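This report walks through one model, from a helix pair to a sheet and a single residue. Keep the sequence and the coordinates at hand.

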Amino acid sequence: MFFSRSFLPRRRRNAVVQDAQIILDLSRLLGRAYHTTPTGIDRVEFSYALELLARVPDRLCFAAVHPAGGYYGRLDTASVRQFLAFTQAKWQNRDIADPQAIKAAAIRHLFALRPRAVPPLSANRVYVQASPHHLEKTAFVRQILKSEHAHFVNLVHDVIPLTHPEFARPNGATEHARRVETISELADGIIGNSAATIAALLPHLKDRPGRAIRTAHLGCEWSDVPPVNSNVSADRPYFVCVGTIEPRKNHLLLLNVWRRLVERFGEGAPKLVMVGRRGWENENVIDILERSTVLSGHVVEEADMSDRKLAELLSGARAMLLPSFAEGYGMPVAEALAAGVPVIASDLQSLREVGGDVPEYLDPIDGLGWYDMIADYARSDSSARARQFDRLLGWSPTFWSDHIDIVLDVVRTVSDAASGRPGGR
């Protein structure tokens, strides 16, 4: 969602990775250099780069697959730093940025990031990848690891296309199965963003003696970027739902709830602000958004909102709503709670891992339950909302430094296991 990080480390830790050189894959960020709206995976890869630069700069290298295909090779670290600064700036200011200027700047950065040759092997190498980019090509990934003489550590975000194929894009389940096959065959270390993700992944993994598997919740560090006024008036209570408009996110339930709220409260009904772009196979939701006269003025769609505006919007919300059918982690829950904003979410294991006992949890098909809870939270004297604030006092987020601690520990474990035998395959 939104955060701002300094390019200077806030603190260094004594932890080192022994003799292992870390090669961080930046394929996802390079492939989306022209995009001003980041996905959650974009932000994770970005945070890996920043945190590792702060923690292990002397043992960190960067590499990527060319956006047009083929292994891009090593990237100049100074150019990577400049590219990361450019990436952060375009995300934070995308509502005012000139698209042509962004494109021109991206071209300059990509040129500066042209590939360098892989140097001779001098220490154990561990290739770390925090995105699913190009993992559907098992032979290709094997060739990358061979050319780098490296062992492989991968962050797994979810297995939803396999556990819930009905919510995947066309051919999404087949493609994701190939990614999991690559991880199963080649990964020496696996990091899951939640215990729920690891539990869903394990049945799809081949037995690999000595493989390191760990859970590491994603970091959540609140933005220090000054907010700006959003376009949403606070003349009456409002709720926020953040996420791509796709069937898995269950926006249809919220629209049906809001119709009931408007029928009951009329112009005094709370507003719903849906932040996210329109996705796929969601014709029913889109039809309601475009044609419903009852919901006009009560449901606001924000397809592309900058980090600054989103921070301002969320700060005034009665609650963040997340009625999803399936989630690998649930970053909106963590970031809302970190901002001191109540959460009403689906009763999913992955979301309970993130929110603990703080949010209100409801079945994603319990329409009446969602209606009652939202109507209660909309009241200025809501006792349920007050109790969630009390619970929130005992909650604390996971920081990226905590997540990277586990990543470095997995890298160390993989490197130790590789000692005394050649890297690669």
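## Helix pair H9 and H14

Which residues in H9 meet which residues in H14? On the H9 side they are Leu-253, Leu-254, Val-257, Trp-258, Arg-260, Leu-261, Arg-264 and Phe-265. On the H14 side they are Gly-367, Leu-368, Trp-370, Tyr-371, Ile-374 and Ala-375. Contact means heavy atoms within 4.5 Å.

Two packed helices are described by the angle between their axes and the distance between the axes. The axes of H9 (residues 251-265) and H14 (residues 367-378) come within 10 Å and cross at roughly 55°. H9 and H14 are therefore oblique to each other (angles under 35 degrees count as roughly parallel, over 145 as roughly antiparallel, 65 to 115 as roughly perpendicular, the rest as oblique). The crossing of H9 past H14 is right-handed (the near helix is turned clockwise from the far one by less than a right angle).

## Basis of the model

The model is predicted: local features need pLDDT of at least 70, side-chain atom pairs need 80 or more, and totals for chains, interfaces and linings use all residues. Numbering starts from 1 along each chain as its sequence is written, and side-chain values use heavy atoms, without hydrogens or water.

Helices (H or I, at least four residues) and strands (E, at least two) are DSSP runs, numbered from the N terminus.

## The sheet

Seven strands form an open sheet with mixed pairing, in the order S3-S2-S1-S4-S5-S6-S7. Its edge strands are S3 (71-75) and S7 (212-215), and each pairs on one side only. Pairing requires at least two DSSP bridges between two strands. Neighbouring strands are turned by 20° against each other on average, direction ignored.

S1 and S2 (residues 60-65) pair in parallel over four bridges. Ile-23 stands opposite Cys-61 in S2.

## Strand S4

Four bridges join S1 (residues 21-25) to S4, also in parallel. Leu-24 stands opposite Val-128 in S4. Five bridges join S4 to S5 (residues 150-156), again parallel. Val-126 stands opposite His-151 in S5. From S4 the chain crosses through H5 (residues 138-148) to S5 in a right-handed β-α-β crossover (clockwise from the first strand over the helix to the second, with the strands pointing away from the viewer).

Five of the five residues of S4 (residues 125-129) are buried, so S4 is largely enclosed by the rest of the structure (buried is under 20% relative accessible area, with a 1.4 Å probe and protein chains only). Arg-125, Tyr-127 and Gln-129 lie on one side, Val-126 and Val-128 on the other.

## Ala-105

Ala-105 sits in H4 (residues 99-112). Its relative accessibility is 11%, so Ala-105 counts as buried. The C-alpha atoms of Ala-105 and Phe-83 are separated by 9.4 Å, with the two residues 22 apart along the chain.

Conventions: Buried means under 20% relative accessible area, exposed over 50%, partly exposed in between (1.4 Å probe, protein chains only). Axes are lines fitted to C-alpha atoms, for helices over the stretch in contact, and angles run from 0 to 180 degrees between N-to-C directions.
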